[in-house]
Every structure is written in C-alpha cells, then in structure tokens.
Amino acid sequence: MTCFAQWRAWIRPFGMAFYCLILIATLPFMIVELQHAEAEWHVQGWFIGGLFVLTSLPISLWSILQHLVYYSKPFMQRHIIRILWMVPIYALNSWLAMRFKDAALYLDTLRECYEAYVIYNFMAYLRNYLVSEYDLEATLEMRPQVQHIWPARWLLPTWNNGRPFIQNCKHGVLQYTVIRPITTVIALGCQLAGVYHEGEFSATSAWTYLVFADNISQLFALYCLALFYKACKLELEPIHPLGKFLCIKAVIFATFWQSFFLHVLVALKIIPDNPALLVYDANSIATGLQDFLICIEMMFAAVAHYYVFSHKPYVNLAAEPTPCCEAFFHMWNVSDMKDDVYEHVRVVGGTVRRTITRRPGSAVKDASSADEYTGLLDTPATEYDSSMEAPAYVVDARCLSSSPYIHVEAQVLPSHGSVNPDLSTDSEVEDLSEHFH
C-alpha cells in the first residue's frame, strides 16, 4: 500500500520502461517485415513512418504522465490530457493504416471522430479557465460589442455580448462534435454499399458531399473558437492560448487539406494508376501518402504539444496528491461531453421545432419562457405583436411642473400612444412627448 501511495515517484520510470519493452518487441518485427517484403516501396514507407511514430510516442506519453503526476487542477488538465492523446492516436492510426490497407477506412474513422473530440476539449479548457477566474458573462457584457470576423459579419447576425455570445460559441463548436461522427458513420455505410468512392469528385460519389459537409462544419467550429479567443484575449493571456490554438488548428487543417490536395492530384492524373502495383490504385496511393505524411508530422506535433501544453504551470508540491486511479479514470470520464452534447441536441432540436411551427406574424415568446436555449445563433427578438399588452406607463405632467418646458396638466400613455384629450393643442402634445424621449 505504501508503494501504491507513492505512485508519483515510480509511474514515470515504469511508463518509460514499459515503452522500451514495446520498442524492443516492435523493431525486430519491423525489420523482419522489411526483409521479407524484399524492400517493396510501400513496406519501406511503412518502416520509415514507423521510426517517426516510435519517436513521437515517448514524447507524448511523457507529457501525459507529467500531467497525471502533477494533477493539481483536474477541471483544466483533464482536457489537456485528452488533447495530448491526439498525437499518439493519429500516429498509430496512420501507421497501422499503411500496413493494413483493408482496415484503413475503419482506422481513419477513429481518427476523424477524435478530431472533433479535440476541438470540443479545447473549447472546454478555455471556458473552464475563464469561469474559474472571472464572472465571464458580466465581463463580456461590459465590453464593446464583439463583431464577427470578416467575411462572417456579412453572413451571421451579431451575437450579443454575455450569455448569448458564450452559448453561440459553445454550440458552434459542439455542432462539429455531433456532425463529424454522423458523417463518419454515413461514410462507412456508403463504403459498404459501394457508393462512397473516396477521392472521386462526381455527383454520384458520396465522398464529395460528405467532404463538403465536414469542411463547412469544421470551419465553423474553428471560427467559433477564434471568435471566442478574440473576445476573451485579455483574460486568456495567462495561459497563452494562441500557441495551443495554432497547434490544434495546424494538425487538423494539415490532415484535412493534405488529404484533399492529394485527391485533387489523383483527379488531375498527377498521381496515376499503376497496373504494376496490383492492389494499389491511385486513390490507395494517395491515402497511403496521407498516412505516411501524418506519421512524420506527428513527431513535430508531439514536440510542439509538449511545450505549449506544458505541465509546469500545474506543479504544486504543497498540494495534496491526487490518488493514482482517481487521476487516471478522471481523464477518461466523458460525462462532461455527454452532458454538453445532450444539451446541444436539445437546443438545436428546440430551435428547429420553433422555426418549423412558427406562424408568420406570431407573437414572440414572453420573457418567462426565454432562456439560454432560445434563439440559437440569432439576435434577441425586438419585434412584438400588437396584441401583446405592454405595461401602461402613466405619467402625470403635474409632477413635472417645475420644468420650464411643460405647463399643461395631462396624462400620457406612451405604450399605447394615447393622450388625454384635456391637452389643448397638438403642439403641446408633441412638446410633452419630446420631453420624455
């Protein structure tokens, strides 16, 4: 029990020793495969990619272990650790997809779903920090109105500072967390049905439509992150969010647009079909190149993540250490995401339902039914139906007898536009109205 209680002292050397055992078992296997295949070009690529993967893994795993050892702020570090898992998952996924061609689609499915999960966790990381340090809604409400970044300012209504702005940014990120797994499952179904046709730009290819939908959803999620950073740049400065955002954006954008560009090369016949390669057609070559490049890129991403998501700000030797199992299971607990996704689906469903059932000229909901779920991605309503009774503000002009501009006795009901007929002339009514405005 004493040894287990001192887990922070031995978990890092144990983790590195375990990795060395994996390395000792993996390298001979890779060398044997290379010799057995008589140095075929795709096996050479798999071997070189594996060397980069085996270099990136210990960097990422060490960074994760450091955060687990100094787990002093779970509400923030759980999201950091989830982001740090991005490099090992991407690297191993791409490396295995290079070797097992038939399983590439299913392996890429895991990678693409985790991509959406990373964007969600970065937004949650920023939001949790701000909520822990500031009254975020009040802080934003006191700021000048945050304007959309060009060209979105021509496409989206203004998101009022405070709760509407926070909710819209949050749901803008969450929509990708929902849409990406859905399009991935659809892609699997289309592949099994024989209509997916990856890399084929045509009206009969499901890949064309799914890539377009994923791209729009991803761009909007990253835009919401950028807008949120723009609004809270000053408050976020202590955690240096720009480098973190650029690292995540670079990995996601590089993998997506890299794949898109390679398939464009296939469409332009720059990457041609080669009958001599038998099972490897042009699209398979493009997919293999994509996986090979990711294996290399993840080594650089691992180094960048180690520095921008450093554990050093969380080192607090005076704090009571978190139990080993608690820290480990807290990292994998996704109940926060489950709750946020459930809320997002409920909000979007309510918005769609109101949009479909709303009659032209129907009254706007009263304030008692409005909450943070009302009007997703819309500005607050300012038009009221004439049938809605506004409060009748009764003003007696005699109360203002000290004013040199008013010398009449009257009652004005500005909410209905009615004026007491005792007023002698229209000009006196206009003078009185101007005073109140």
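Mentor: Let us begin with Tyr114, which has 11% relative accessibility and therefore counts as buried. This is a predicted model, in which local features need pLDDT of at least 70 and side-chain atom pairs count only at pLDDT 80 or more, while totals for chains, interfaces and linings use all residues. Residues are numbered from 1 along each chain as its sequence is written, and side-chain values use heavy atoms, with hydrogens and water left out.

Trainee: Why is Tyr114 called buried?

Mentor: Buried means under 20% relative accessible area, exposed means over 50%, and partly exposed lies in between, with a 1.4 Å probe and protein chains only. Tyr114 stands at 11%, so the word buried applies.

Trainee: What does Tyr114 touch, not counting residues up to four places away in sequence?

Mentor: Contact means heavy atoms within 4.5 Å, and by that rule Tyr114 touches Arg82, Trp85, Met86 and Ile89. Tyr114 itself is found in helix H6, where a helix is a DSSP run (H or I, at least four residues) numbered from the N terminus.

Trainee: What makes helix H5 largely enclosed by the rest of the structure?

Mentor: Helix H5 is largely enclosed because 10 of its 14 residues are buried; among them are Met86, Tyr90 and Trp95.

Trainee: How do you know that the reach of H5 is close to the expected one?

Mentor: The expected span of a helix is 1.5 Å times one less than its number of residues. H5, residues 86-99, reaches 20 Å from its first C-alpha to its last, close to the 20 Å expected.

Trainee: Why is Thr287 called buried?

Mentor: Thr287 has 14% relative accessibility, so it counts as buried. Thr287 is found in helix H12 (residues 282-308), and, leaving aside its neighbours within four places in sequence, Thr287 is in contact with Asp108, Glu198 and His263.

Trainee: Which residues of the lining are the closest to the centre of the largest pocket?

Mentor: A pocket, on a 1 Å grid over the protein atoms alone, is an open set of points where a 1.4 Å probe fits, with protein on both sides within 12 Å along at least five of seven lines, and lining residues have an atom within 4 Å of a point. Of the 48 residues that line the largest pocket, the closest to its centre are Ala104, Asp108, Glu198, Asn283 and Thr287. The largest share of that lining, 10 residues, comes from H12.

How values were computed
Helices (H or I, at least four residues) and strands (E, at least two) are DSSP runs, numbered from the N terminus.
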